Amino acid sequence: MDGEYVDALVDTAPDGIDFDDLHVDRDPDGYAFRTPAATHTGIDEETLREVAADSPYVRNWYFWHAVAPQKDDHWAFLRWLEGADERGVTERYDALSDGVAATWGQLHLRVELTGGERRYHVRHVADADTDSEDLAKHDEPLDARDLAKHDDDGQYRPLKTAPSLRTGWAFPDLTAAELVATVDAFYPATIANWHREREGDLDVSHWRDTVSRQTGIYGVVDTWDRGDGHEHVDWVAEACCDDSQCLKRREWQYDDETDLDVDGGSGTFPCREPCSLVIAAARKWTKLEGEATRTYEFELTPSEKEQLEAVIDAVADGEADDIREADIYEGANRYRVRYLRAKLFDEDGNLAGVETDD
Amino acid sequence: MDQALVIAAHGSHLNAESSTPTYDHADTIRATGAFAEVRESFWKEEPSFREVLRTVDAEEVYLVPLFISEGYFTEQVIPREFRLDDWDPELWDSDGTSATTATLTAGDTGQTVHYCGPVGTHDTMSDVIVQRAQSVTGDSDVGEGFGLAVVGHGTERNENSAKAIQYHADRIRDRDRFDEVQSLFMDEEPEVDDVTEHFESDDIVVVPLFIADGFHTQEDIPEDMGLTDDYRTGYDVPTTVDGHDIWYAGAVGTEPLMADVVLERAADAGADVSAAIEQVREETGGVRPATGD
C-alpha cells in the first residue's frame, strides 16, 4: 500500500483531518500538517507528500479509516487490542514493532507491524510460548468454528465460552478484519456485547425477565420462582456461571432490583442473560426441586461420609478423571468408589439397601 | 445498501454434528459473494438467536429459518428471540405450508429484517428430496421401478409438521417420476416402522425430511425400519427388508442443494441473488425439472 496512504491524505486534507494527534487541513496559504513530532504550515502538495510519507501518524490515520473494519464494535476492539487509548502514535508504533498482546477469553491475541502494516496473530493462551512450528497453522477465520467444537479430549463443547478451548493451533498472519472474524467465530457476539457495555448500553436481561419469556417445554422454569427468595438462582449461577465453567462475566441478576449473592466472575466480556444451557438445566432443576424432601436413614462410617463429599467435589470440579488409578488416598479414586459401591449398594443399586420409594 | 443473510437453525447441546449442515450451506452461499455477510445462528448454540443480529453490520437482513415446517419455532421462538417487533403469524398469511416473507424491524438493533418462511416448505425442497434420492442410489435417473418414502417426525404439537411432508410427497408424486410416493411418520400413522407394507416396488428410497442427522435419523428410523438391530453396528445401503431393498438416505438437510433453498427463500423476499442461485445449483448438482411443476 506504499503511497496509498499519502494519496488518501492529500485527497482528504481539504475536509480537514483531526485524528490521533494528526492535524491536517488546507487554507489559502497551502496545507498545514501538525503532529507532536513536527509542524508544517503553508506547505505545497509536494512537501505535504514528503512529510506524510515518513509519518507514522499518517499511516496510523489511514489504517483506522481505510483498512480497519468500520463497524463500531470491531473498530473499538482493535483499538483496545493495541492500547490506542493509553499510548500516543509514536509510542504505540514503537510497541507495535515488537508486538502488542492481549488476552480474550482463552485467546492470545497479538498485533505486530510488518513492513509498516498491522498483522494479527491468534493462538490459545496456553500456547503463548509454544514454538510456532509446533502449532497447526490456519489462515481461514471460519476454521475457528471447527476448532471450537471439541475440547482437547475430543468432547463436544456446547458452550463456546467454556474454559475448555482446545490447544495446538495458530492463526499466524491475519488482517484486522480477519482477526475480528476469527475472534467472533471462537466467541460469538462477545465483541459486540463488550462494546455495548463500554458504551453503557448493554441490554441485560435478568433471570426473571428471561424465564418469564420462555414458552414450550421451558415455560415451566417460570414456576420455579416462588415468593421473594432467589437462593435457587444463586445455586444455578454457582453451578453454571462460575469462571471455572464459563469465561463470560455474568451481569444478569435475579431482577433489576435484586442482585444474586454469588460473584459474576472476572471475564473480559459480559454475559447479558441466562443462556440456553442455563435454561435447559433450570428446566430439569425445576422438575427435581418440585420434590419434597424425605428422611432416609443410612449408616456410614465418618470416612464414608467424607468420601461421598469427596466424590461430589471431584465430579463438580471436573477432577474425577485426573485422579490416578492407584491413588487410593483420594476418596474419588475409582477403586475406592467401587469398594464403597460393593459394600453399600444392594443388588438393585440402593444405597445401604434403602429403597428410594418415590 | 449491503444485504446480509442470517440462517436460523436449531443446533444441539449434545450432538456436535447438528450444526454441520448449517455451516456447510452457509459456506456455500458465502462463497457466491451474494451477501456482504452470511451468519449462522442457533437456538441451542452460539451465536444465539438473541445476539446474532448485533454481529451483523448490514442494515438489511434476510432471515431464513433452517427448519422443516411452520409452527412453534418459526411463529413463536424465532420472532421472539430476534425481537422482531410487531410480528404476527398473520403477516405470513399462510395455510401451513405457504409462508413467504414479512418485513419487520429488530427491536434491539433497528435492522430491517425480511423474515422468510422455513426452508422445509419451499417448493424447491421437493427438488432436494429427489436429489437426495439420486445421491443415495448413485443414479441421476432414479425413479422407474422405485418407490419413494418421505419421512417426517409427525404431529405431536404441530399439525403443520405433517403438512410439510405431505406437501412434498404430493408434489413429487405429481411428477410421475417414481412408481410410488408415500409420506410416512415416526409417531403417527402411516408409520415408518411398516415401510415395506406401504410399497409394491422392490426398491424403496427413504428420505427423512430432517435438517440434520442425529438421534432420529441415525438411530430411531434405521432401527424402526429394521435396517439394523443396533444403529452402532451400521447398515448397508441398500438393506433388504421383507424382500424390499431399502435405500436409506439420511437427513435431507445434509444434501448440498439445500443451500439453493436458503437462497430461494431470500430471493422470494427480495434479495438480489439470482446469479448465486444459478451458481449454487450448478455446484450442487441441482437442475430444475425440465417439465416444471
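1. A quick word on terms before the pockets: on a 1 Å grid over the protein atoms alone, a pocket is an open set of points where a 1.4 Å probe fits, with protein on both sides within 12 Å along at least five of seven lines, and lining residues have an atom within 4 Å of a point. Grid points are joined across faces, edges and corners, and a volume is the space filled by probe spheres set on the points. This is a predicted model, where local features need pLDDT of at least 70 and side-chain atom pairs pLDDT 80 or more, while totals for chains, interfaces and linings use all residues. Residues are numbered from 1 along each chain as its sequence is written, chains are lettered from A in the order in which they are written, and side-chain values use heavy atoms, without hydrogens and water.

2. The largest pocket has a volume of about 1,600 Å³. Its lining counts 44 residues, with His10(B), Phe73(B), His153(B), Phe210(B) and His216(B) nearest the centre. Two or more lining residues come from each of α11 (276-288) of chain A and α2 (72-81), α4 (159-174) and α5 (215-224) of chain B; helices here are DSSP runs (H or I, at least four residues), numbered from the N terminus.

3. By class, the largest pocket's lining holds 19 nonpolar, 20 polar and 5 charged residues. Ala, Val, Leu, Ile, Met, Phe, Trp, Tyr, Cys and Pro count as nonpolar, Asp, Glu, Lys and Arg as charged, and the others, Gly among them, as polar.

4. The second largest pocket holds about 1,200 Å³. Of its 36 lining residues, Ala162(A), Pro163(A), Ser164(A), Ser244(A) and Gln245(A) lie nearest the centre. In chain A, α10 (231-240), α11 and α12 (302-316) each give two or more residues to this lining, which has 18 nonpolar, 6 polar and 12 charged residues.
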